[in-house]
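This report walks through a protein model from its overall dimensions to a few local backbone details. Please keep the sequence and the coordinates at hand while reading.

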Amino acid sequence: MENRKFLVDFSPNGNVSKLILKNDPHRMNWVVDEDYLERVHYEDKDKLFGNFWIAVNDKKYSSDDVDGNLSLSKETAMVTYVFDEVEIIFNYDLKQSADALFWSIQLINRTNHEVLISDFRVWSSFAYVMYRINDLNIQTHHSTAVFPSVSKSFTKLACVRRSNSAPHLGLYQLDGETKSVGTYCEYENHFFENVSPSLDGILFHQLVLAGGYPQGFTNSDWIYSKDGFSLTSNEEKAWRFVLEEFENQEDFYQVGKKYGHPVYHFEPLAIIHQPYDFSFTLSSDISLKDAYVEYKDANEACKTQSIMSSMNRSESGYQAALIFREPGEHKISIELDNGKIDSVVINVMRPIQNIINNRAEYISNVLYSGAEGEVPHSYSPISNQGESLGKLSFVLKKNLLGNQPDISEVQKVEESCVNYIRPKWFVNGDFSKPSFLYGEFYRCMDFEYIGHVFYLLSRFDPSILKHNSPDTYLEWAAEVFRLRVNPDLHHTVRGKEEAQMLGTFFLYIDGLLEEIKNRGLADKYREIQALWYDIAGNVAKDSDTYKAAVTEHFYDNAGFGPAAGALASSGHIEAAEKYGELLLANIGFSNDFRAQNPDRWWEALSYMIHSLWGGLTAAATLKVYEKLRDTRYLKAAYRATAGILYCYDTDAKATDRRLNTGEAASTYSVGGPNINRPDLSRNRFGQSTFYRDGGIFSKLFNKEEETADWDMGEELAAYLDGFGKKTFLYKEGDQIKAINGCIELTEHGLLIRSYAPYPTEYHFYDADVHYISQNGEITNQILYSNGRFIPFKQ
């Protein structure tokens, strides 16, 4: 069936097999394709768009159990499924609008007695696919990220094409209640088969209309409902949705407003006792009836606080300046005069300086093994992957900022560099002879993490170091970096290929080159600079094909994130813009701060926050903003960062995994339920939790109980170089707004309070006004007045 905008086709059993926007130059099929499942041998036809699971009086049924009756015309389709107790009818309607597809779900009790619906889930399987083919045109133009906003009355899905080229596709709830959005992952990973790329997969999404979890399941998620419902004799319950294209993030919300969805302006993060601006607009025919905040206090008691008296109405909508006094997740809800309820979920944190200090102490005093440890001078958990060394870079970076370094923390890292890192990753400590730590191969990627630790160590005063001089560590960093980026130094095909890939070194390459030049290492400077310019130039040259988006995986933000950041840093602006679009399509936007993270799935088998690559993607996005001065990147980078900090947040109460002071967990599963592992739904964890599931996980980890932070740290080092010290102003219409801080209007001007743990920089790129403190002096607040920044001291 079709109208002016949509072409829709169905399988004989009634699931949607084709959904095409007719003005799409790529003719992308926006739903998972059955033919592709057959080609890659995935047995998941039961999860295609429009299939469902339901539990009626504890009896489980699915759309596979009966033959759906499909009635199809030019502009409408009806699919009917009849069971003993209930009848389920799907209506697809292209007649109501030439630009939209209306989709309704009816559930009818066929009996003369009450029935209990404890579980009802309908698959909305949009084409969230990493294809098993090394074709970047397909990966970018025929795959979508799916960003969920779960709300009692206004759930929506933003399906953003991975190239970020419109049209995109939005799904908006019109009637009924959606409890959650769950996911199931199907994938193959050939990491240990010395194959690159090695990973492909699909996330299947489902709308949870009742329940969603195994019987008796409980977790700490107090924010979203897991309830079922009852239907009395012959009672009917209905849900209505509409699908419509959108151009960009702003347009996604404007399309929703047309259907009665509120449009918010809110930041994902608030700091306790600091002002927080919250505002929204409603359709002209709707008004606000009530507004309140829900949260858990320190005793885990659920609290509700009215904010109706704080809401101010103006021509532009509703605004409130709120102050939160308890840390943790906060759900801000509004009730409208039509009876519908909408919510946003933000995080309220203590000053982030607390997390930074506590984390550094924990790494240094708990994770460091010392000379007498089982693996002397290592930091647990032990791993062959260079990512595990990121926590060392973080400790060093933290001690390079602020007033006074902790000498003990720095010297422990130095001991690890000399006695553990160098002899482990290099045969007899020879930087030209990498150890084959993975059996038949080594990873060039590991060397960039090692180089970062050595480089940061070289930045300390000689009086702090006890084994070697700063210049010695700089030479080590230069040698390791040469190995990382010079294909001629490798004798394996994999080594030569990986040496020419971008990676996390985009974070520190400029600083490394500057130090090498300033300290008289002229030959190394010329060689490394030439290699760096060569890599960046080649990536820029191939930017039309997005070649750097392929890493060990078929399509990976660990590829296009560093590519965008590196291209911006090296002055390849046009190429940075191309890769930057992939970043914007990768970072979510949602009513829940935890669903605004960079899009990734393989460490959680679900839509997730991944601390390391989420943080590095955020850092790359901020670098692109600083070159392109396009506010979309600034906002996206900050949205991503708020989710990353959740992996370190010891005050979080809506996740089963609670963190003691200084602890961290590398992964948070946004999806609820995570159907592969229900226990991980809306929970933080480390990948070792998959150890018991076997496969590659049993090779990567020694036991399930391994600490959950093995690959964490590099992202905090990146954070400290960005939002860890920088606060930004930007213009939105005729207003000045802040990112990573809050604004208070005073008689002297705008008083900006930074949320950064080491605030030393304030930037207003729209006005080309900047402030950088002298000698790294901490500047917690500043005035913006008469077009300039003025230091402000109470």
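## Basis and overall form

Helices (H or I, at least four residues) and strands (E, at least two) are DSSP runs, numbered from the N terminus; by this reading the protein has 17 helices and 37 strands. The C-alpha trace spans about 85 × 65 × 50 Å along its principal axes.

The model is predicted, so local features need pLDDT of at least 70 and side-chain atom pairs count only at pLDDT 80 or more, while totals for chains, interfaces and linings use all residues. Residues are numbered from 1 along each chain as its sequence is written, and side-chain values use heavy atoms, with hydrogens and water left out.

## Nonpolar cores

Buried residues (under 20% relative accessible area, with exposed meaning over 50% and partly exposed in between, for a 1.4 Å probe and protein chains only) make up 63% of the 794 residues. A nonpolar core is a set of buried Ala, Val, Leu, Ile, Met, Phe, Trp, Tyr and Cys residues joined through side-chain atoms within 4.5 Å; the largest one holds 229 residues, of which Leu19, Tyr92, Trp103, Ile117, Phe120 and Phe126 touch the most other members. Helix α15 (residues 631-646) supplies the largest share of this core, 10 residues. Apart from it lies another core of 26 residues, including Phe278 and Met311.

Asp599 sits in the loop between α13 (573-586) and β27 (608-610), and it is buried, with a relative accessible area of 5%. Counting contact as heavy atoms within 4.5 Å, and leaving out residues up to four places away in sequence, Asp599 touches Tyr128, Ala145, Phe147, Arg162, Asn557, Asn586 and Tyr607.

## Backbone exceptions

Most residues other than glycine have a negative phi, and most peptide bonds are trans. Against this background, a cis peptide bond with omega about -5° joins Ser380 and Pro381, and the bond from Gly672 to Pro673 is also cis, with omega near 10°.

Arg629, not a glycine, has a positive phi of about 55° and counts as partly exposed at 39% relative accessibility. Asn740, likewise not a glycine, has a positive phi of about 70°, but Asn740 is buried, with a relative accessible area of 2%.
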